[in-house]
Amino acid sequence: RNYIASQFGKLNDVQKQAVFYTQGPLLILAGAGSGKTTVLVNRIANLIRFGNAYQTEKAPFGVSQELVDELELLLREKGTPSPELAPLLAERPVWPYHILAITFTNKAAGELKNRLSSMLGEAGQDVHASTFHSACVRILRRDAERLGYPKSFTIYDTDDQQRAMKEVYKSLNVDDKFIPIKAAMSNIGRLKDKMISPKQALAAPADTRAGLIAKIYDAYQKRLLHAGAMDFDDLIYQTVRLLQECEDVREFYQSRYQYVLVDEYQDTSVAQFQLVYLLAGAHRNVCVVGDDDQSIYRFRGATIENILNFEEHFQGAKVIRLEQNYRSTSTILDAANCVIQNNQARKGKTLWTDNGQGDKILYYEADSEMEESAHVATVIGQNLRKGAKLRDHAILYRMNAQSGPIETYFARAGIPYKIVGGQRFYDRKEIKDIIAYMAVVANRQDDLRLRRIINEPARKIGATTVQNAADIASGLGIPMLDVIEHCGEYPALGRAVGALQKFYGIYEQLIKVYETLPLDAFVTELLDITGYRAMLELAGEEGQTRLENIGQLVSSVKTYADQRGPEASLEGFLEEVALISDIDSYDDQADVVVLMTMHAAKGLEFDYVFIVGLEEGIFPSEMSRYSNEDLEEERRLCYVGITRARKELYLSSANSRMMFGQTKRNKHSRFLDEIDPDLLTVEQSPVARQMQMVRQRYQSDARGGYPSNNSGVYLNREYNRVPANSTGVNITIKPRQTGTRLTSGIQAGSAIQAGSVAARPQQQVPSRDGDKNFRVGDLVEHKVFGRGVVQKITPVAGDTIVEIRFEKAGVKKTMANYAPLKKV
Ligand code: ATP
Ligand code: MG
């Protein structure tokens with residue numbers, strides 16, 4: 001109780017208005033870090049604790065300050081309410097069960113639940129706080145049959161979708177060179193986001209691209225229906241259909257969810273809007289919070305119109321704007337404003353803070369991405385020494401692929417980190433295989449998953465046999481497993497009858513153990529019955545790693561079963577797996593540096609934020625350079641990135657970067673130029689500085705007559721070759737260090753001489769030179785963790801793992817050759 005009071009007490013007046021304005025539609029439109037999510041949480045707490053007590057006749061707009069003051073006092077001192085307050089408090093509060101709070105990531109939903117439980121105890125746990133997708137799954141699990149799907153429908157991920165698509169292409173005889181499968185998939189996704197049915201899409205003329213996509217869409221939906229499966233976009237699309245088409249279902253949920261709240265509303269699609277609209281239809285108690293400047297999912301069908309038209313859709317809606325930022329220093333906020341004000345398409349708003357100015361933003365120009373990673377590690381080390389925790393640091397980038405060099409550097413240096421996104425655990429082949437087995441056990445109709453594992457491990461069931469069985473099944477409109485069960489009856493399967501019967505035997509055995517054993521024991525048993533374990537055991541080290549991964553899967557099945565108790569089911573587990581989005585691998589508790597994309601960082605905050613790879617072609621991305629709309633979306637993403645930082649922001653770029661196996665040289669990002677230079681401290685790595693001198697020198701030399709157009713200057717990582725410039729001439733550049741002076745010579749077409757790579761970065765990969773022969777007991781100094789004593793030495797291929805007990809950072813393992821580590 002006191003906790004609630006102290007929470008409400010912290011809110012500013014405008015935030016309080018938003019919290020206590022409980023009835024009718026409400027839009028909270030405000031910039032980053034202004035407390036939107038905070039208000040949402042407090043609003044739910046208020047509903048549950050006091051219902052509509054505050055929204056009285058006397059103070060129609062929520063609060064009368066005297067009442068708030070009295071209430072707070074009351075809560076603190078457990079006194080008796082005044083005659084004026086008593087009847088209001090006696091009013092029935094809102095049951096947690098009647099509240100639906102929707103956010104975008106499971107992480108955010110989890111955080112919401114945590115904050116509610118700590119404010120409200122058990123009542124907080126009964127609020128239905130979830131993502132759009134899991135809210136929809138829940139609705140569909142109850143009534144999917146009304147749309148012709150089984151209740152235990154399978155949820156397809158991208159990989160499954162792609163397989164289904166391939167088959168659609170085959171059946172329609174479409175060449176994927178004409179419309180790449182991925183393009184069709186995203187087109188279909190956008191149609192679903194817009195609630196356009198296959199039938200409506202088919203209105204497009206058949207001989208157009210749209211017409212062909214409609215045909216693919218139609219066939220794809222039929223295939224999914226036949227397989228009893230939905231893809232991710234379906235989860236929303238079909239739920240909206242269900243609510244539109246079935247009045248009783250709609251009414252059920254309208255009375256079930258009497259209060260609907262949506263966070264990050266700027267990223268909702270048309271379908272998601274429809275969902276909110278349908279649920280709120282009867283009572284209109286809908287509260288949405290958002291920031292038009294943080295809309296970063298237009299490419300996935302989000303539409304800012306949902307915010308812009310809110311007042312139209314919900315007549316008489318109240319709009320509240322929050323203007324005070326509580327998260328960041330004014331320097332960070334100013335930088336964010338500098339960037340975002342370059343966008344034309346925005347409502348424009350003021351955001352201020354009284355958090356103080358804070359330090360300037362450090363912009364570091366590195367020569368290579370490895371140097372950039374080393375810089376990040378150095379800064380983290382400095383902060384740790386000042387008392388910061390690893391988990392106060394987040395490293396944000398534009399694309400998952402950028403995490404590589406940082407991961408490599410951190411792994412070698414022994415800096416614990418967690419990567420959010422990228423190759424997810426559940427994307428690994430062995431995990432997908434085992435999940436596929438589980439899915440087939442859960443849903444006999446899941447032909448797609450069946451095809452994934454029917455010959456995995458190899459069982460002499462060839463592709464032709466599988467295709468024949470699939471053709472028979474779709475011809476008869478029955479699941480493939482039915483065909484396999486009676487394979488003897490189909491001449492086309494003649495040759496494979498033995499193998500197929502054996503496989504069906506495995507399936508029956510799986511069903512039997514599934515029905516008799518607890519979930520995790522079932523999965524362990526599955527490994528043996530299917531021969532999967534035996535296959536991996538023969539596969540050497542690689543197989544061992546895969547088995548370890550599967551071991552982790554078994555543990556997560558067990559955790560799931562333990563958490564859910566009697567409610568646990570195979571379907572439930574598979575559903576959870578399907579819904580785990582990138583962000584979920586991030587665990588607040590662990591003290592590790594977090595790496596993720598700026599998209600994944602939405603809504604989160606960290607004391608220290610690094611935005612790396614600020615280069616044209618990376619951020620803003622290559623694609624976005626051709627369209628102003630896309631560029632503005634990149635800029636909003638930059639705004640999101642900057643505003644994650646509470647205390648310090650670090651920006652960096654690398655002059656050359658290895659990406660997808662190629663070295664690229666990009667100019668630093670325009671977003672850096674948009675930030676007022678007074679807010680920045682610029683630092684250049686020594687190598688970057690040297691290289692700049694070389695380049696300047698080269699340019700002035702070149703102006704002496706050769707070549708006339710030097711705009712294509714391009715130095716690769718080894719500084720030894722310049723691929724063709726715009727005149728098509730190969731140029732070699734040869735930096736040579738004489739004493740402390742750096743000179744350059746240019747020769748056309750000649751190869752670089754050994755030893756001329758004077759500018760090779762020293763801090764790029766810490767030097768292998770020096771005494772790296774560590775012994776147990778040695779006193780050492782690590783660039784990030786400071787001083788420590790060597791505890792253990794383990795030689796590995798070509799290097800040594802050194803285990804060190806640091807004075808401050810505890811025990812860490814590092815690689816002797818690569819870690820920024822020296823004897824003292
Ligand atoms: P974003 O746009 O990034 O999602 P947001 O508007 O949802 O941000 P919150 O995450 O709710 O902002 O709040 C940002 C920070 O400010 C949080 O640390 C929160 O605890 C703090 N905060 C919010 N309101 C107040 C307040 N009235 N007094 C002090 N701190 C506050
Ligand atoms: Mg928020």
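Which residues in α18 meet which residues in α30? These close-ups come from a predicted model, where local features need pLDDT of at least 70, side-chain atom pairs count only at pLDDT 80 or more, and totals for chains, interfaces and linings use all residues. Residues are numbered from 1 along each chain as its sequence is written, with chains lettered from A and ligands numbered from 1 in the order in which they are written.

**View 1. Helix α18 against helix α30.** I332, A335, A336, V339 and I340 of α18 meet R635, C638, Y639 and I642 of α30 (contact: C-beta atoms, placed from the backbone, within 7 Å). That set splits into eight nonpolar residues, no polar ones and one charged (Ala, Val, Leu, Ile, Met, Phe, Trp, Tyr, Cys and Pro count as nonpolar; Asp, Glu, Lys and Arg as charged; the others, Gly among them, as polar).

**View 2. How α18 and α30 line up.** α18 (residues 330–340) and α30 (residues 628–642) pack at about 175 degrees, axes 9 Å apart (lines fitted to C-alpha atoms over the stretch in contact, with angles from 0 to 180 degrees between N-to-C directions). The pair is therefore roughly antiparallel (over 145 degrees).

**View 3. The two sides of α9.** D160, Q161, A164, M165 and V168 are buried (20 or more other C-beta atoms within 10 Å of the residue's own, C-beta atoms being placed from the backbone; exposed means 12 or fewer). Down the axis of α9, these buried residues fall within an arc of 135 degrees, so they line one face (arc of the directions from the helix axis to the C-beta atoms). Over on the other side, K166 and K170 are exposed.

Notes:
Helices (H or I, at least four residues) and strands (E, at least two) are DSSP runs, numbered from the N terminus. Angles under 35 degrees count as roughly parallel, over 145 as roughly antiparallel, 65 to 115 as roughly perpendicular and the rest as oblique. Two residues are in contact if their C-beta atoms, placed from the backbone, lie within 7 Å.
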